[in-house]
Amino acid sequence: MKLRTKSILMTAAFLLTLTGCGDVSAPVEEPAKDVSTQPADPDSKEEDNEEQTPVQETEEKSKDKGAKGRKAALVTDGSSAMENGFNQAALMGVETYADAACVPYACYSAQGDTEAAYREAILTAIEDDAELVVCVGPDFEEAVGSLQEEYKDVYFLLLGGVPKDAEGEEIEIAANVHCIIYKEEEAGYLAGYMSVLEGYRKFGFIGGEDRSAVEKYGCGYLQGIDAAAQGLEVDGEVQIDYWYVDAALPVEEIGEMATAWYRDGTEVIFTCGGMLYEAVLPAAEACDGMMIGADVDQSEISGRFLTSAKKGIESSVVVALDDFFANGKKWPGDLAGTALSYGAREKCIGLPMQNDAWRFQNVTVGEYLQVLARLRTGEIQILADTEELPETAVSVVYHNQQEEEDS
């Protein structure tokens, strides 16, 4: 029987209204915090983030409070758990469940962006007796792939990826591993579609790296813009600049490109990939441009965010942890060795609507919900295969391709 904690039930219900997935229930108990890493204050500055990044430092903080015996461990890449994005949302999911269900937990970050660093971060958590290791992002695919058989008594939750071998090929998922894949193409579609309905006609897309989640965001974004433009019969007026910068950090080159686009008439730029938005934001502010965020609601960062292509990371983690601990600290049969895809149908994809996050002036929440309903029922079909980007009636300039042809 599942845990039944009033705190989890209430929190999960709130998350589901914002963009959640699944169903959670739990016991009536006053949660007692037992944590080794607390989230930074939302108003904290970059220097606070930097202090929480390395595995060794996080480990030392954990040991000061008795890290041994932690039941759950969150392992993130070296970009820090507090980045207004994927890592932070996963951390909040672990904290939400752990605090409510009285589950001790710790947080670790990899020292570097190599497979060895990701593997070492997981091993550090395992050495501290973690029973469930939550690995955030596709950077951990190879590490989980190599460790799932070696540590059969340890359980893994891999977010945004599946186990792979050293050659990057998918391998069989072991019974001690459960993977959650998000349908980013649906979130990208909604953001693009509603932006056209709002009245924008010139768009940009900047993706960090050629990887599945980023590609799916971009693929859906193109299709959403194209569908709305054709529906309004304005496809001849719509233009999109499309570029993969091949970087995970906000390098100067991104800001220069964004500035050039805005000055050339681009109205909205969708940025996907870690902290890349930090390079685009100054350009948006200087040029009176708008942005679209990725993964989580980024409206609190700046009024320049028109919307965010959001996936229910936090709530999906809460549900998965509840499934694991309620089943005697092992994956239920329908989750063990599986990868589940969460999208609009599972109420795990959408645009933020709460408080002042809804910044569309010309389209209503009701109009958005109609489009979302069509997506959930399957009336709207979105291409998710990113091997070839979709053909569009709107004009798209693929900058990477153009640069290769010119070189």
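Modeller: In this predicted model, helix α7 is mostly covered, with 14 of its 15 residues buried, where buried means under 20% relative accessible area.

Biologist: How do you know that the span of α7 agrees with what its 15 residues should give?

Modeller: Helix α7 runs over residues 184-198, and at 1.5 Å a residue it should span 21 Å; because its end C-alpha atoms are 21 Å apart, the two values agree. Just after this helix, Gly-199 takes a positive phi of about 120°.

Biologist: What makes Val-319 count as buried?

Modeller: Its relative accessibility is 8%, and the cut-off for buried is under 20%, so Val-319 counts as buried. Val-319 lies in helix α11, residues 313-326, and although 225 residues separate Val-319 from Val-94 in sequence, their C-alpha atoms are 10.0 Å apart in space.

Biologist: Why are α9 and α10 called roughly parallel to each other?

Modeller: The two helices, α9 at residues 252-263 and α10 at residues 277-287, pack at an angle of about 30°, with their axes 8 Å apart. Angles under 35 degrees count as roughly parallel, and α9 and α10 are therefore described in that way. Their crossing is right-handed, and the contact is made by residues including Ile-254, Ala-258 and Tyr-262 of α9 and Val-280, Ala-283 and Cys-287 of α10.

Biologist: Which residues of α9 are buried?

Modeller: They are Ile-254, Gly-255, Met-257, Ala-258, Thr-259, Trp-261 and Tyr-262. As for its length, α9 has 12 residues and reaches 17 Å from its first C-alpha to its last, close to the 16 Å expected at 1.5 Å a residue. The helix is followed by Gly-265, whose phi is positive, near 110°.

Biologist: What makes a set of residues a nonpolar core, and which residues have the most contacts inside the largest one?

Modeller: The members must be buried residues of the nonpolar kinds listed for a core, joined through side-chain atoms within 4.5 Å. The largest such core has 45 residues, and those with the most contacts inside it are Leu-190, Met-194, Phe-203, Phe-205 and Phe-270. Apart from this core lies another, of 33 residues, among them Leu-91, Val-103, Leu-321 and Phe-324.

Biologist: Which residues is Met-194 in contact with, leaving aside its neighbours within four places in sequence?

Modeller: Met-194 is then in contact with Leu-351, Trp-358, Phe-360, Val-363, Glu-367, Tyr-368 and Val-371.

Terms used:
Residues are numbered from 1 along each chain as its sequence is written. This is a predicted model: local features need pLDDT of at least 70, side-chain atom pairs count only at pLDDT 80 or more; totals for chains, interfaces and linings use all residues. Side-chain values use heavy atoms; hydrogens and water are left out. Buried means under 20% relative accessible area, exposed over 50%, partly exposed in between (1.4 Å probe, protein chains only). Contact means heavy atoms within 4.5 Å. Helices (H or I, at least four residues) and strands (E, at least two) are DSSP runs, numbered from the N terminus. The expected span of a helix is 1.5 Å times one less than its number of residues. Axes are lines fitted to C-alpha atoms, for helices over the stretch in contact, and angles run from 0 to 180 degrees between N-to-C directions. Angles under 35 degrees count as roughly parallel, over 145 as roughly antiparallel, 65 to 115 as roughly perpendicular and the rest as oblique. A crossing is left-handed if the near helix is turned anticlockwise from the far one by less than a right angle, and right-handed if clockwise.
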